[in-house]
Amino acid sequence: MEKAWKRRLILLVVVILCLATVSGITSGILRKGEQPVDFSSMKADQIESVELSGTTGGENGEISHCFTEEEKAEFLSLLNRVELGREVDSSEAASTGAAAAYDIKFKDGTVVSISPGKCFQVQTKYYKFKNFDDLWEEFIVFNSL
């Protein structure tokens, strides 16, 4: 009788550990699917400046541009339409050639660094750019400033 009770207790502990592990893994996967920044809620009056920096990929191809008020409003309008998907590994996001990064400085002192591409970088993380095909041409215009 005592051996059967011990077996049931061991089985119960194993089941609980398995459920806890599955629950932890599932919640981690769900968190990775969240959009890191809600671009649609950004308002022009919250933003102090937007600065573009990057490279064209060629010799002397370094670029730097601080947006005018009009460019800032147009860029924010574009960002408001960005839809990000799941987080991806940085090796999946690696690219070559031209690259552009934007530092968005908010009036509260917060700075958000982004780099759009097939995978959209926000700070140090990369995410699937769900509507890349719809918006990429518009990002190219800003990358060319």
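Visitor: What is the mean pLDDT of the chain?
Guide: The mean is 81, and 74% of the residues reach 70 or more; pLDDT is the predictor's confidence in each residue, from 0 to 100. This is a predicted model, where local features need pLDDT of at least 70, side-chain atom pairs count only at 80 or more, and totals for chains, interfaces and linings use all residues. Residues are numbered from 1 along each chain as its sequence is written, and side-chain values use heavy atoms, leaving out hydrogens and water.

Visitor: Which element has the lowest mean pLDDT?
Guide: Helix 1 (residues 2-32), with 60, while strand 5 has the highest, 95. Helices (H or I, at least four residues) and strands (E, at least two) are DSSP runs, numbered from the N terminus. Over residues 29-33 the pLDDT is below 50. Where pLDDT is low, the predicted coordinates should not be read in detail.

Visitor: Changing topic, what does Leu79 touch?
Guide: Leaving out residues up to four places away in sequence, Leu79 touches Phe39, Met42, Ile104, Ile114, Phe120 and Phe139. Contact here means heavy atoms within 4.5 Å.

Visitor: And what lines the largest cavity?
Guide: Leu79 again, along with Ile47, Val50, Lys72, Phe75, Leu76 and Ile104. A cavity is a set of points on a 1 Å grid over the protein atoms alone where a 1.4 Å probe fits but cannot get out, and lining residues have an atom within 4 Å of a point.

Visitor: Which element gives the most to that lining?
Guide: Helix 2, with four residues.

Terms used. On a 1 Å grid over the protein atoms alone, a cavity is a set of points where a 1.4 Å probe fits but cannot get out, and a pocket is an open set with protein on both sides within 12 Å along at least five of seven lines; lining residues have an atom within 4 Å of a point.
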